[in-house]
Amino acid sequence: MIESPIVRRASRQILVGSLRIGGDAPIAVQSMTNTETTDVDATVRQVRAIAEAGADLVRVSVPSMDAAKAFAQIRQRVEIPLVADIHFDHKIALEVIQAGVDCLRINPGNIGREDRVRSVVSACRDKGVPIRIGVNAGSLEKDLQKKYGEPKPEALVESAMRHIDILDRLDFQEFKVSLKASEIFMTVAAYHLIADQIEQPLHLGITEAGGLRSGTVKSAAGLGMLLMDGIGDTLRISLAADPVEEVKVGFDLLRAFRLRSRGINFIACPSCSRQTFDVIGTMNQLEARLEDVKTSLDVAVIGCVVNGPGEARQADLGLTGGNPDSLALFIDGKQAARLPGSNFIDELEATIRQQAEIKEYERSQLIAKAMDTH
Ligand code: SF4
């Protein structure tokens with residue numbers, strides 16, 4: 001596995017339930033439910049599906065007192081840390097804090113009277129619940145819209161600093177911040193500006209990015225620029241799609257930057273007339289069959305000898321074409337076996353699974369050894 005050359009911005013670490021965010025913690029991947037929160041069964045099902053896909057935390061919108069009561073039931077039925085998304089209403093905030101929420105997404109400046117802000121912050125302090133300040137270009141304060149004329153990075157940062165100042169005055173430092181716009185240059189500039197001004201963790205996202213394909217590309221372009229510069233402690237890929245897809249894309253993005261690994265990192269050629277087996281069909285089958293594998297493993301699937309042996313040797317496991325009747329299978333850089341030119345998918349899947357188990361065992365041994373020496 002190649003190490004990432006990225007040097008991450010130093011940030012203060014906060015705790016969202018048992019999940020560490022910021023500091024040396026891995027970049028957390030999150031998504032948000034899109035069910036009616038009052039439909040407890042449907043929301044629990046979706047939270048579990050998002051968790052199963054590998055998410056570290058899940059945000060649930062809590063727009064009413066009924067939703068807050070439902071949230072209390074949801075909290076009891078799932079393990080994963082939950083963030084409650086609340087706008088304005090301090091009573092809802094207090095209710096979900098009592099229900100065991102792990103993080104509140106609320107902007108202190110929108111809560112209203114000082115005594116209400118104080119009561120929410122003090123309840124958060126008592127229960128160890130951090131706050132996420134979330135500024136969105138689409139809902140900037142009226143006076144900032146007037147001052148800047150149109151959403152600008154500086155306007156997003158000024159809005160965030162107002163909320164941060166309120167928490168500062170109350171000596172509350174357990175928060176993270178997001179500054180989202182649907183336009184990637186604005187988002188990237190805003191995060192760069194705030195990254196130098198505060199020490200708290202930053203939650204990344206391109207808001208309203210689009211559908212599965214276009215939103216993935218836009219998010220990867222925008223968040224990629226930030227991740228490359230070491231910015232970002234947690235992220236959500238906002239897609240008009242199943243939230244499970246958001247989690248998969250989030251991990252794919254972090255894996256591409258070698259910032260986090262989970263599951264199989266496929267290296268596959270696009271195929272051409274030189275291929276000696278069906279590369280695309282093989283890839284489609286492997287991706288579908290191996291979705292459940294959580295161990296990080298590089299697997300190369302290359303159609304011919306032009307790049308095949310080179311890529312296959314670099315990967316943990318690599319299949320390469322060449323002889324149409326006999327494909328070469330490399331494991332840990334060495335040719336380990338040959339597979340027939342067709343109908344090999346069951347054997348290939350079994351070998352990859354076996355290799356994943358071996359790697360998992362080796363990693364657990366290394367961790368145990370490292371703990372022994374401390
Ligand atoms: S590796 Fe071989 S089969 Fe794959 S695209 Fe390149 S030349 Fe074509």
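Here is a working chat about helix packing, cysteines and a few loop residues in a predicted model.

Biologist: Before we start, what should I know about the model and the numbering?
Modeller: This is a predicted model, where local features need pLDDT of at least 70 and side-chain atom pairs count only at pLDDT 80 or more, while totals for chains, interfaces and linings use all residues. Residues are numbered from 1 along each chain as its sequence is written, and side-chain values use heavy atoms, with hydrogens and water left out.

Biologist: Thanks! At what angle do α6 and α7 pack?
Modeller: Helix α6 (residues 153-169) and helix α7 (residues 184-195) pack at about 45°, and their axes are 8 Å apart. That makes α6 oblique to α7. Angles under 35 degrees count as roughly parallel, over 145 as roughly antiparallel, 65 to 115 as roughly perpendicular and the rest as oblique. Helices here are DSSP runs (H or I, at least four residues) and strands are E runs of at least two, numbered from the N terminus. Axes are lines fitted to C-alpha atoms, for helices over the stretch in contact, with angles from 0 to 180 degrees between N-to-C directions.

Biologist: Which residues of α6 and α7 meet?
Modeller: From α6 they are Pro153, Glu154, Leu156, Val157, Ala160, Met161 and Ile164, and from α7 they are Met186, Ala189, Ala190, Leu193 and Ile194. Contact means heavy atoms within 4.5 Å. By class, the contact of α6 with α7 has 11 nonpolar residues, no polar ones and one charged. Ala, Val, Leu, Ile, Met, Phe, Trp, Tyr, Cys and Pro count as nonpolar, Asp, Glu, Lys and Arg as charged, and the others, Gly among them, as polar.

Biologist: And how do the axes of α2 and α3 cross?
Modeller: The axes of helix α2 (residues 65-77) and helix α3 (residues 90-98) cross at roughly 10° and come within 9 Å. That makes α2 roughly parallel to α3. Met65, Ala68, Lys69 and Phe71 of α2 make the contact with Lys91, Ile92, Glu95 and Val96 of α3. Five residues in the contact of α2 with α3 are nonpolar, none is polar and three are charged.

Biologist: Switching to cysteines: how many disulfides does the structure hold?
Modeller: Zero disulfides, a disulfide being a pair of cysteine sulfur atoms within 2.5 Å. For Cys124, the nearest cysteine sulfur is that of Cys103, 8.3 Å away.

Biologist: Is Cys124 buried or exposed?
Modeller: Cys124 counts as buried, because its relative accessibility is 0%. Buried means under 20% relative accessible area, exposed over 50%, and partly exposed in between (1.4 Å probe, protein chains only). Cys304 counts as buried too, at 12%.

Biologist: Where is Met371 found?
Modeller: Met371 is in helix α12 (residues 345-372), and at 60% relative accessibility Met371 counts as exposed. Met371 and Ser342 are 29 residues apart in sequence, and their C-alpha atoms are 45 Å apart in space.

Biologist: Now the loops. Which contacts does Ala315 have?
Modeller: Leaving aside neighbours within four places in sequence, Ala315 is in contact with Ile267, Asp298, Val299, Ala300, Asp332 and Gly333. Ala315 lies in the loop between α11 (308-314) and β13 (317-323) and is buried, with a relative accessible area of 5%.

Biologist: What is phi of Asp332?
Modeller: Phi of Asp332 is near 50°, a positive value in a residue other than glycine. Asp332 sits in the loop between β14 (326-331) and β15 (334-340) and is partly exposed at 41%.
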